Amino acid sequence: MIFWWDVSTGLIVGYRVCLNENKGATRNALMDAILTYGLPKSIRVDNAGSYKNVEYSPMEYYKNIKGKKKLSKDEKIAKRMIERGDMGLYRNIGLEYHFTIPGNPESKSIEAFWNYAFSPFEKHFQSWCGNTIENRPDILKNYENKVLVRKHADLFPTWNNFCDKLDMFVRYYNSKPRKSLTTIDGKLLSPIEVYNQVEHIIPNKIELITKMKYPYIEMRVVQRSMIEKNGILYWHPIFASMIGKKIGIYYDESNLKELTICNERGQINDEPAIAINPGLQSGDTLKEMIENHRRAKVGQLCYLSLCDLPKAQKIEKMLKVISTELLPPSNTKEAETDIKYLSFDDALDSIVGEEDTNVVDSISISTVESGTLSTTNEESDENKELMDSIKEDIAGMFGE
């Protein structure tokens with residue numbers, strides 16, 4: 001968790017929950033804080049790379065260049081930035097910044113805040129393990145973490161559940177009256193009440209995003225029609241033509257299901273990349289399984305289209321791939337009958353159905369002739385357009 005905390009009032013002004021500490025989460029949390037509570041006069045941050053790096057504070061690297069004959073990679077970047085007038089994220093938005101003293105916890109005012117603020121929050125969960133093994137609840141004692149997850153998975157909050165509860169706790173924390181915030185007549189005030197007594201200037205949202213977000217593009221290489229970020233795979237239709245090439249991304253920790261993509265110049269694509277589950281797990285919906293397998297097969301076809309083989313060999317190899325089973329439902333709850341499709345068109349005609357997870361129950365298999373699965377359900381115009389679009393995309397991969 002990355003938090004921005006107002007030292008004078010104790011108000012939590014911005015935060016992000018992330019899978020690992022990174023400078024993108026730091027920037028996004030700070031951007032949320034400024035858009036909600038205004039631009040601070042100065043900030044004090046840790047010396048970790050998420051806060052102190054050449055993009056955010058190039059002067060920290062530039063000031064050590066004098067007299068050096070050989071510069072490091074970061075020092076070269078800092079030199080180029082300063083020469084073109086780029087003072088880094090903090091200075092570009094008008095912030096004074098200071099770094100804490102390395103190895104000196106007393107220089108970090110927020111350290112005491114963690115224990116004071118989040119001990120009650122952590123103990124709220126049934127999966128709280130305590131500070132030591134002795135303090136763990138009896139049900140969680142004498143287990144390794146993997147065993148705990150397997151035996152008591154129902155006790156652990158999901159990612160979204162944890163984020164929702166944390167958001168509720170932050171609102172509660174900011175509105176709770178404090179003894180340290182007392183008026184002359186003895187009335188206790190909350191951090192948000194004290195903070196609002198002073199007028200704060202909130203910058204224009206578009207101007208702030210232009211300075212804080214767009215100049216800092218993170219690049220990823222497209223592999224097998226997908227890109228990876230923090231261990232999560234994301235898929236987008238245009239990735240089919242970009243295998244082995246770089247694509248820019250803007251990552252938002254508050255929405256792991258989507259990923260904004262752009263080119264190297266920062267021009268954003270209107271359609272986001274979607275997070276996918278590369279495996280099939282028991283309990284997955286039929287729609288999710290269909291989408292996963294469709295993406296996998298399209299990715300294989302894209303790879304074949306890039307192979308240095310004569311067209312005839314490409315088609316022959318492609319047919320071997322798509323003639324195999326596209327939808328293996330044997331390990332799922334929704335389907336109980338094994339079905340194999342003998343051609344890609346037949347598979348598309350059959351598996352692109354309604355989005356309802358109970359779609360299998362509504363399908364009646366009347367005849368199976370020449371590898372074609374016939375159903376009594378009529379496909380909607382939307383599904384037909386989707387099938388035609390997929391077929392055109394695949395045909396275009398091979399110049400047909």
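Helices (H or I, at least four residues) and strands (E, at least two) are taken here as DSSP runs, numbered from the N terminus. The model is predicted: local features need pLDDT of at least 70, side-chain atom pairs count only at pLDDT 80 or more, and totals for chains, interfaces and linings use all residues. Residues are numbered from 1 along each chain as its sequence is written, and side-chain values use heavy atoms, leaving out hydrogens and water.

Start with T100. This residue sits in the loop that links strand 4 (96–99) and helix 5 (110–123). T100 is buried because its relative accessibility is 6%; buried means under 20% relative accessible area, with a 1.4 Å probe and protein chains only. Contact means heavy atoms within 4.5 Å. Setting aside residues up to four places away in sequence, T100 touches R44, V45, D46, N47, S107 and K108. Take R44: 56 residues separate R44 from T100 in sequence, yet their C-alpha atoms are 6.6 Å apart.

Now turn to N174. Helix 7 (residues 159–175) holds N174. N174 has a relative accessible area of 6%, so N174 counts as buried. Beyond its neighbours within four places in sequence, N174 contacts G10, L11, I12, Y37, S190, P191 and I192.

Step back to the chain. Its secondary structure comes to 13 helices and 14 strands. Of its 400 residues, 37% are buried. Take the contacts between residues at least 6 apart in sequence: 58% of them join residues at least 24 apart. The accessible surface is about 24,100 Å², and carbon and sulfur atoms account for 50% of that surface. Accessible areas come from the Shrake-Rupley method with a 1.4 Å probe; for residues, only the protein chains shown count as cover.

Note on methods. Buried < 20%, exposed > 50% of the residue type's maximum accessible area, 1.4 Å probe, protein only.
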